[in-house]
Amino acid sequence: MTRPTQSATPVQSEASADSDQYNSEKGGALALAVGKEIKSLRLSLNMAANQLAEAAGLSNAMLSRIEHGSTTPSFTTLVSLSVALKVPVSRLFAAYNQPIDYSLVRSGKGINVQRQAHRSGLNYQLLGHLLSGEKYVEPYLVTLTSDCANNPGFQHTGIELIYVLEGSMIYRYADAVMELHPGDTLVFDANFVHGHENLLTPTVRILSVVFNLRT
């Protein structure tokens, strides 16, 4: 009995085909992003395409294909282009790696929150947040009124920036005591004791921004 012969050509699995398609699409997106960044950098330097091509040792046609994302440049070519554009090689990937997270809070639409123990006369309004990443930023609109007890007892991790929008107060940071007025900016390590000691006006409104790392 004659057995059917097996094909010597391996059959590509669906998973392998999907992987190849994914890698192709990812490579195409990378080529487009790199080409876009190269063109953007060239235009920012008021450099004609033929000038960049000559400086990088490329033909005009090759540079055109790279800028349009129709070809993926070699690492050697990327180095030549980065030298000609006077930027690090990593800069050419900026458009591909650019984060897209953002937060927009319209005027008066911040979220009222309670930070640490709730205190009368002290209101925190969260103005936004980041959605991902190991770093985070918490911007608050803080309103202090005469009902707020004088207590410079805040301590937390991160770096804090305070910008006075309205009113004046006596503020303590560690052993330093200072007057803060509209337009003043204070930046400090929030691990040390800080907070207002006395309000000099009935109401004080500040922008407080805390920078920290996720743990």
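## The hairpin of strands 5 and 6

Strand 5 and strand 6 make a hairpin, with 2 residues between them. Alanine 174 sits in the turn and has a positive phi of about 55°. The model is predicted.

The two strands pair in the antiparallel sense over 5 bridges. Strand 6 covers residues 176-180. Tyrosine 173 has alanine 176 of strand 6 as its bridge partner. Methionine 169 has leucine 180 of strand 6 as its bridge partner.

## Strand 5 and its other neighbour

Strand 5 also pairs with strand 8, in the antiparallel sense and over 5 bridges. Tyrosine 171 has histidine 196 of strand 8 as its bridge partner. Strand 5 is mostly covered, with 4 of its 5 residues buried.

What does tyrosine 171 touch, leaving aside residues up to four places away in sequence? The list includes Ala176, Val177, Met178 and Leu180. It also includes His194, Gly195, His196 and Glu197. Ile162, Leu186 and Phe188 are on the list as well.

Glutamate 197 pairs with arginine 172, and their closest N and O atoms are 2.5 Å apart. Glutamate 197 belongs to strand 8 (residues 194-199) and arginine 172 to strand 5 (residues 169-173), so the pair links distant parts of the chain, 25 residues apart. Glutamate 197 is partly exposed, at 26% relative accessibility. Arginine 172 is partly exposed as well, at 23%.

## Overall layout

The protein chain has 5 helices and 9 strands. Along the sequence the pattern is α-α-α-α-α-β-β-β-β-β-β-β-β-β.

Of the 215 residues, 31% count as buried. Take the contacts with a separation of 6 or more: 64% of them are between residues 24 or more positions apart. The chain exposes about 13,800 Å². Carbon and sulfur atoms supply 54% of that area.

In soluble globular proteins, nonpolar side chains tend to be buried together. Here the largest nonpolar core has 20 residues. Which members touch the most others? They are Leu122, Val142, Leu144, Met169, Tyr171, Phe188 and Ile206. Several strands give two or more residues to this core: strand 2 (122-126), strand 3 (135-145), strand 4 (159-166), strand 5, strand 7 (185-189) and strand 9 (203-213).

A second, separate core holds 16 residues. Among them are Leu41, Leu52, Leu85 and Val87.

Side chains of opposite charge can pair when their charged atoms come close. The count for this model is 4 salt bridges. Two that involve helix 1 are described here.

Arginine 91 and glutamate 37 meet through their side chains in a salt bridge, at 2.1 Å from N to O. Glutamate 37 is in helix 1 (residues 14-44), while arginine 91 is in the loop between helix 4 (75-85) and helix 5 (94-97), so the pair ties together parts 54 residues apart in sequence. Is each end buried or partly exposed? Arginine 91 is partly exposed, with a relative accessible area of 33%. Glutamate 37 counts as buried, at 9%.

Glutamate 67 forms a salt bridge with arginine 42, with the closest N and O atoms 2.7 Å apart. Glutamate 67 lies in helix 3 (residues 60-67) and arginine 42 in helix 1, so this pair ties together parts 25 residues apart in sequence. Both ends are under the 20% limit for buried residues: glutamate 67 has a relative accessible area of 10%, and arginine 42 has 8%.

## A nonpolar patch on the surface

Some nonpolar residues lie on the surface. Ile159, Val187 and Phe211 form a nonpolar patch there. Together they have about 260 Å² of accessible area.

Valine 187 is in strand 7. Is valine 187 buried or exposed? Valine 187 is exposed, because its relative accessible area is 52% and the exposed class begins over 50%.

Technical notes: Residues numbered from 1 in each chain as written. Predicted model: local features only at pLDDT ≥ 70, side-chain atom pairs only at ≥ 80, totals over all residues. Heavy atoms only, no water. Buried < 20%, exposed > 50% of the residue type's maximum accessible area, 1.4 Å probe, protein only. Core = buried A, V, L, I, M, F, W, Y, C linked by side-chain atoms within 4.5 Å. Contact = heavy atoms within 4.5 Å. Pairing = 2+ DSSP bridges. Areas by Shrake-Rupley, 256 points an atom, 1.4 Å probe, with all protein chains shown as cover. Patch = residues over 30% accessible without salt bridge, like charges linked within 9 Å, V, L, I, M, F, W, Y side chains within 5 Å.
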